[in-house]
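Reader: Hey, I'm new to this one. Could you walk me through it?

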Amino acid sequence: MSEENVNGAVAPAEAATGPAFTVEKIYVKDVSFEVPNAPAVFAETAQPQLQLNLSQNVQRVGENAYEVVLGVTLTCTANDKSMYLAEVKQAGVFGLVGFDAQTLDAMLGTHCPNVLYPYARQLVSDLIQAGGFPPFFLQPINFDALYAEGMRQRAQGGDNLADAETAGNA
């Protein structure tokens, strides 16, 4: 008879029969929202310019557990003045068992950020709206393409996946 954990994940005894992926915890690791030129910025009529930066960090936190942190920084300017800056570090702890090194790296670099992104996206949207600005919705991101580009850059840089600690960085 199979046992299930509270979150519905497969019990460790069952996970030993093949690769298993579990979401152990999702949380906000860091958040910041700034409107440095308020209240004057609300009278600005120029077309805002947006700059989006993504980052990802992976850290092993247990034998089969990894913390993945997806960083989203959105900067909005108009007439060379900062309107707002939203920074979110959405994190999760994921259980990954039974994957070879290459598949593990791919899971950490694509699947985990795909799980985290909707949470970060919603938080950024809520921050911007709470800051007095119109609603803003980040567009979907293809983490598979970002991961593939990162792998291409690693290959050109001479990094050897087999020699490296699991990178998982998109």
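Predicted model: local features only at pLDDT ≥ 70, side-chain atom pairs only at ≥ 80, totals over all residues.

Reader: OK, and in what order do the elements run from the N terminus on?

Author: The order is α-β-β-β-β-α-α.

Reader: How much of the chain counts as buried?

Author: Of its 170 residues, 34% do. The accessible surface is about 9,900 Å², and carbon and sulfur atoms account for 51% of that.

Reader: What about contacts between residues at least 6 apart in sequence, how many of them join residues at least 24 apart?

Author: That would be 69% of them.

Reader: Let's switch to aromatics. How many aromatic pairs are there?

Author: The structure holds 5. One of them is phenylalanine 21 with phenylalanine 94, a stacked pair with 5.6 Å centre to centre and 20 degrees between the planes. Phenylalanine 21 sits in strand β1 and phenylalanine 94 in strand β4, so this pair ties together parts 73 residues apart in sequence.

Reader: And is phenylalanine 94 buried or exposed?

Author: Phenylalanine 94 is buried, at 0% relative accessibility. Phenylalanine 21 is partly exposed, with a relative accessible area of 24%.

Reader: How are the rings of tyrosine 84 and phenylalanine 133 arranged?

Author: Their centres are 4.8 Å apart and their planes are at 55 degrees, so the pair is tilted. Tyrosine 84 is in strand β4, while phenylalanine 133 is in the loop between α2 and α3, 49 residues apart. Both of these residues are buried.

Reader: Which residues form the aromatic cluster?

Author: Phe33, Phe42, Tyr84 and Phe133 form one cluster.

Reader: What does its side chain reach?

Author: The side chain of glutamine 90 reaches the backbone oxygen of tyrosine 27, at 3.0 Å. Leaving aside neighbours within four places in sequence, glutamine 90 has contacts that include Ile26, Val28, Val69, Leu116 and Leu123.

Key:
Residues numbered from 1 in each chain as written. Heavy atoms only, no water. Polar contact = N/O pair within 3.5 Å; in protein donor to acceptor, adjacent residues only side chain to side chain. Contact = heavy atoms within 4.5 Å. Helix = DSSP H or I, 4+ residues; strand = E, 2+ residues; numbered from the N terminus. Buried < 20%, exposed > 50% of the residue type's maximum accessible area, 1.4 Å probe, protein only. Areas by Shrake-Rupley, 256 points an atom, 1.4 Å probe, with all protein chains shown as cover. Phe/Tyr/Trp six-rings, centres within 6.5 Å; stacked < 30°, edge-to-face > 60°.
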